[in-house]
Amino acid sequence: MNVQIKMSTEKQPPPNWILQHPAYQQMKQLEVRDSAQVHAAFLVYMDLSEVRQWKEVSCVQCDHLQVVLLEGREKEGSPLQTILPLPAHLSLSHRSIRYILDRGSPMLLCVVASDSTLVYQRMTDGLVTPDPPVGPFQDVGSRQHRKRRQQR
C-alpha cells in the first residue's frame, strides 16, 4: 500500500484578531446595524485603552442614534467622557450632537478615516474661549513693515 501525503506549502492567513478580541465581541453584542461604525468604535477603543492609556474605557449602546459610544477617563479620577467614534464617510446632524451633549458628560468626537487615522475633536455646549498661547513670543515688527509698504 503506497500512501502519499501532500503537504501544503501555502501558509494559511492568520485569523483576524480583531474579530476575536473580547471588546469587539462585546460591541457586536450591542446589535448596532452599521458594521463600519462598530469597527471604528473598536479602533478608537484600542487607541484610548492601549495607546493613550485611558482608564475604565467601556462601550455602551446608543439606541437613539444606533451607534456604539465609548466612555472612559483620561486619567484616574478625571471626569467620565463620552466618545463618539464616527467613520469619515458618515455625516452627523446637529440633533445627534445635541443628544450626546445632553447626556451630561464631556464629549469627544473621533473621526476615523479609511486608513485608520483617528482625529479627535472636543465638543462643547456653546462657545469656549481658547486658552492663551504658552511660550516666549516676540513681536517681529510685522506692523512696522506693513506701514512702510503703505507709505511707498
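## Overall architecture

Helices and strands are here taken as DSSP runs, a helix having at least four residues and a strand at least two, with numbering from the N terminus. On that basis, the protein chain of this predicted model contains five helices and five strands. Followed along the sequence, these elements give the pattern α-α-α-β-β-β-α-β-β-α.

The protein chain has 152 residues, of which 32% count as buried. When contacts between residues at least 6 apart in sequence are considered, 47% join residues at least 24 apart.

## The sheet

The five strands form an open sheet in the order β1-β2-β3-β4-β5, and the pairing is mixed. Strands β1 and β5 (118–123) are the edges, each pairing on one side only. From one strand to the next, the twist averages 25°.

Strands β4 and β5 are antiparallel to each other and are joined over six bridges. Within this part of the sheet, Cys 110 has Tyr 120 of β5 as its bridge partner.

## A helix across the sheet

Helix α4, made up of residues 94–101, lies across β1, β2, β3 (81–87), β4 and β5. Its direction relative to β4 is about 135°.

## The nonpolar cores

In soluble globular proteins, nonpolar side chains tend to be buried together. In this model, the largest nonpolar core has 24 residues. Met 27, Val 68, Leu 70 and Ile 83 are the residues with the most contacts inside this core. At least two core residues come from each of α2 (22–29), α3 (35–51), β1 (55–62), β2 (67–73) and β4 (107–112). Helix α3 provides the largest share, with nine residues. Another core, of 12 residues, lies apart from the largest one and has Leu 65, Val 67, Leu 69 and Leu 84 among its members.

## The surroundings of Ile 83

Ile 83, one of the residues with the most contacts inside the largest core, also illustrates how separate parts of the sequence meet. Leaving aside neighbours within four places in sequence, Ile 83 is in contact with Val 44, Leu 48, Trp 54, Leu 69, Leu 70, Glu 71, Gly 72, Leu 108 and Cys 110. Among these partners, Leu 70 is likewise one of the residues with the most contacts inside the largest core, Leu 69 belongs to the other core, and Cys 110 is the bridge partner of Tyr 120.

Note on methods
Residues are numbered from 1 along each chain as its sequence is written. This is a predicted model: local features need pLDDT of at least 70, side-chain atom pairs count only at pLDDT 80 or more; totals for chains, interfaces and linings use all residues. Side-chain values use heavy atoms; hydrogens and water are left out. A nonpolar core is a set of buried Ala, Val, Leu, Ile, Met, Phe, Trp, Tyr and Cys residues joined through side-chain atoms within 4.5 Å. Buried means under 20% relative accessible area, exposed over 50%, partly exposed in between (1.4 Å probe, protein chains only). Contact means heavy atoms within 4.5 Å. Two strands pair if DSSP finds at least two bridges between them. Axes are lines fitted to C-alpha atoms, for helices over the stretch in contact, and angles run from 0 to 180 degrees between N-to-C directions.
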